[in-house]
Amino acid sequence: MENAEIREFIDGSIKENEVMLFMKGTPEQPACGFSMRTSGALNALGVRYAALDVLPDPRIREELSGLSGWPTIPQLFVKGELVGGCDIVVEMYENGELAELLGTDMPEEDDEEPVASAARAPSSGPVTDDEIPAHQSNIPLGNNLNK
């Protein structure tokens, strides 16, 4: 695959998916803490999103950064626009802006332990009420997907 084809694929993925996350690893198995926190914010909000692992081919990361103008991974796109990386996404999650942007409600704050939520990977089926946490006080910092 040529670099131009990789760039076309990335551009198409951003345009075709309302919420698109480029990350290290997968939502089920993040390969770095920044990607884990970013996907954790999306999971905590119960939104469906597509995710692409940039690690298999370094050209993916190069072409993505060239396209977005953003040097670091992860990168979150919503409705074709770059939202930002981990720090921006986490800040937006904490102040409610991410939920507003995604058209969803913030999880209710509670003293209970965070409830594990299923990943919203592109191949997952429709999200059911059972999969969306009823109470979640913070962004999950661990991968609780298999509990």
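In what order do the 4 strands of the open sheet stand?

The structure described here is a predicted model. Its open sheet is built from 4 strands in the order β2-β1-β3-β4, and the pairing is mixed. The edge strands, each pairing on one side only, are β2 and β4 (81-84). Ignoring direction, neighbouring strands of the sheet are turned against each other by 25° on average.

Strands of a sheet pair through backbone hydrogen bonds, in either a parallel or an antiparallel sense. For β3 and β4 the sense is antiparallel, and the pair extends over 3 bridges. Across this pair, Leu 76 stands opposite Gly 84 in β4.

## Helices packed on the sheet

Helix α3 packs on the sheet and touches β1, β2, β3 and β4; the direction of α3 makes about 50° with that of β3. Helix α4 also packs on the sheet. The strands touched by α4 are β3 and β4, and its direction makes about 80° with that of β4.

Helix α3 spans residues 58-68, and its buried residues are Ile 60, Glu 63, Leu 64 and Ser 65. The elements that cover these buried residues include α1 (3-16), β1, β2 (50-53) and β3. After α3 comes Gly 69, whose phi is positive, near 75°.

## Nonpolar cores

The largest nonpolar core comprises 19 residues, and those with the most contacts inside it are Leu 42, Leu 45, Tyr 49, Leu 76, Leu 98 and Leu 102. Two or more residues are given to this core by each of β1 (19-23), α2 (33-45), β3 (75-78), α4 (86-95) and α5 (97-102). Helix α2 gives the most, with 4 residues. Apart from this core lies another, of 12 residues, among them Ile 14, Met 20, Ile 73 and Phe 77.

Which residues does Leu 45 contact beyond its neighbours within four places in sequence? They are Tyr 93, Leu 98, Ala 99, Leu 102, Thr 104, Asp 105, Met 106 and Pro 107.

Phe 77 lies in strand β3. Its relative accessibility is 5%, so Phe 77 counts as buried. When residues up to four places away in sequence are not counted, Phe 77 touches Ile 14, Glu 18, Val 19, Met 20, Phe 22, Leu 64, Ser 68, Leu 82 and Val 83. Among these partners, Ile 14 and Met 20 belong to the core of 12 residues that includes Phe 77. Leu 64, another of the residues touched by Phe 77, is one of the buried residues of α3.

Phe 77 and Tyr 49 are separated by 28 residues in sequence, and their C-alpha atoms are 9.9 Å apart in space.

## Salt bridges

The count comes to 3 salt bridges. One of them joins Glu 63 to Arg 7, with the closest N and O atoms 2.8 Å apart. This pair links distant parts of the chain: Glu 63 is in helix α3 and Arg 7 in helix α1, 56 residues apart. Glu 63 counts as buried because its relative accessibility is 11%, whereas Arg 7, with a relative accessible area of 33%, is partly exposed.

The side chains of Asp 11 and Lys 15 also meet in a salt bridge, at 2.9 Å from N to O. Both residues lie in helix α1, 4 residues apart, about one turn of the helix. An α-helix has 3.6 residues a turn, so residues three or four places apart point the same way. Asp 11 is partly exposed at 27% relative accessibility, while Lys 15 is exposed, its relative accessible area being 64%. A further salt bridge brings together the side chains of Asp 57 and Arg 59, with an N to O distance of 2.8 Å. Arg 59 counts as partly exposed, at 27% relative accessibility.

## Cysteines

The structure accordingly holds 0 disulfides. Cys 32 counts as buried at 19% relative accessibility, under the 20% limit for that class. Cys 86 is likewise buried, with a relative accessibility of 7%.

How values were computed. Residues numbered from 1 in each chain as written. Predicted model: local features only at pLDDT ≥ 70, side-chain atom pairs only at ≥ 80, totals over all residues. Heavy atoms only, no water. Core = buried A, V, L, I, M, F, W, Y, C linked by side-chain atoms within 4.5 Å. Buried < 20%, exposed > 50% of the residue type's maximum accessible area, 1.4 Å probe, protein only. Contact = heavy atoms within 4.5 Å. Disulfide = S-S within 2.5 Å. Salt bridge = Lys/Arg side-chain N within 4 Å of Asp/Glu carboxyl O. Pairing = 2+ DSSP bridges. Axes fitted to C-alpha atoms, helices over the stretch in contact; angles between N-to-C directions.
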